Amino acid sequence: MSLGKEIKSKDIKVSRLHPCFGGKAHNKYGRIHLPVSPACNIQCRFCSRTLNKTEERPGVTGQVLKPEETPAIVNKALELCPEITVVGIAGPGDTLATDNALKAFELVHSEHPELIKCLSTNGLLLPQKAKQLADVGVRSVTVTVNAVDPVILDKIVSHIIYNGVRLTGLIAAEILIGSQLEGIEKVAALGVTLKVNTVLIPGVNDKHISEISKAVKAAGANIYNIIPLIPQGEFINFKAPTCDDLAQARKSASDFLEVFYHCKHCRADACGIPGKEDLSSKLYDRQPDTF
Ligand code: SF4
Ligand code: SF4
């Protein structure tokens with residue numbers, strides 16, 4: 001399959017105007033990430049969430065916003081960058097672990113129905129929340145699926161909190177994979193465009209990309225994005241993938257799904273056109289919060 005062209009989406013608006021769901025929209029349109037979701041309901045062994053103004057990676061934000069603060073921030077972002085077409089929520093924790101993201105989308109959607117609402121999640125609660133997401137205007141969802149084999153996922157995720165219970169091992173991995181695939185099916189059935197992210201971890205899931213791509217495609221995903229591991233947390237001593245590792249992983253993913261090549265691994269409070277000047281420092285005049 002020839003990839004990297006205009007991504008096929010069920011939703012023409014998403015494929016034409018979302019900088020991370022359409023090859024042609026990249027470098028042209030912008031997004032703002034609203035950092036309203038600090039908590040997480042799983043623990044990935046590579047994750048390190050933090051508050052600062054300098055690091056350029058997911059899981060980092062300078063501040064955590066309350067949902068009711070978000071409409072004013074979106075208005076300010078649109079003044080700074082009129083090319084913004086997307087309001088996204090991508091953490092710094094999981095966006096469905098609390099109802100903050102749903103509340104923020106509801107408020108922003110009532111003021112700006114024209115902007116695409118986009119959510120990133122680990123997918124644990126996606127089956128339960130799919131309908132609510134569509135109801136508050138979400139048109140694109142990204143689910144991070146790091147394995148579809150519980151034995152491999154157990155090496156990546158140390159525990160999940162599900163229905164108030166902390167679970168580990170294969171049972172936790174089976175529940176997470178089942179929720180992710182069921183959640184993808186549900187949001188796809190609602191007409192939402194779906195991207196799957198995988199963190200590429202050499203020696204752990206690098207030979208498993210084709211299976212992930214096949215499984216998420218069958219569930220209804222439209223696009224695949226492979227993110228190189230940043231060695232941190234329990235995986236601090238792991239090696240980051242080489243360019244060649246990344247190219248091979250993308251090639252095996254492309255047997256089943258279109259691949260997105262332009263991801264910039266943005267902060268949870270990113271603002272502007274991906275790959276160009278980040279405007280978040282101009283949006284917020286306060287000092288970084290603390291968790
Ligand atoms: Fe960190 Fe995201 Fe994993 Fe939660 S789901 S532990 S925020 S990487
Ligand atoms: Fe787009 Fe990647 Fe940034 Fe998400 S992290 S907004 S997919 S460039």
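Okay, hi everyone. Before we start: this is a predicted model, where local features need pLDDT of at least 70, side-chain atom pairs count only at pLDDT 80 or more, and totals for chains, interfaces and linings use all residues. Residues are numbered from 1 along each chain as its sequence is written, while chains are lettered from A and ligands numbered from 1 in the order in which they are written.

Let's take the whole chain to begin with. You'll find nine helices and 13 strands in it; helices (H or I, at least four residues) and strands (E, at least two) are DSSP runs, numbered from the N terminus. The radius of gyration is 17 Å, close to the 19 Å from the globule rule for 291 residues, so the chain is as compact as a globular protein of that length. That radius is taken over C-alpha atoms, and the rule is 2.2 Å times the number of residues to the power 0.38. The C-alpha trace spans about 45 × 40 × 35 Å along its principal axes.

How much of the chain is buried? Buried residues are 51% of the 291. Here a residue is buried with 20 or more other C-beta atoms within 10 Å of its own, exposed with 12 or fewer, and partly exposed in between, with C-beta atoms placed from the backbone. As for contacts (C-beta atoms, placed from the backbone, within 7 Å), take those with a separation of 6 or more: 74% of them join residues 24 or more positions apart.

Now the sheet. It's open, has eight strands with mixed pairing, and the order is S12-S11-S10-S7-S6-S5-S1-S13. At the edges sit S12 and S13 (271–272), each pairing on one side only. Two strands pair if DSSP finds at least two bridges between them. Zoom in on S10 (residues 193–200) and S11 (residues 223–228): they run parallel, joined by six bridges. Across that pairing, Lys195 stands opposite Ile223 in S11. Helix H6 (residues 169–189) packs on the sheet, touching S7 and S10, and its direction makes about 165 degrees with that of S7. Those angles run from 0 to 180 degrees between N-to-C directions, using lines fitted to C-alpha atoms, for helices over the stretch in contact. Helix H4 (residues 126–135) lies across S6 (116–121) and S7 (138–144), at about 155 degrees to S7.

Pro92 is in the loop between S5 (84–89) and H3 (100–111).

Two last residues. Asn163 isn't a glycine, yet has a positive phi of about 50 degrees. Asn163 is in the loop between S8 (157–162) and S9 (165–167), and counts as exposed because it has 6 C-beta neighbours inside 10 Å. Asp255, in the loop between H8 (243–253) and S12 (258–259), has 12 such neighbours, so it counts as exposed. Thanks, that's me done.

Terms used: Contact = placed C-beta atoms within 7 Å.
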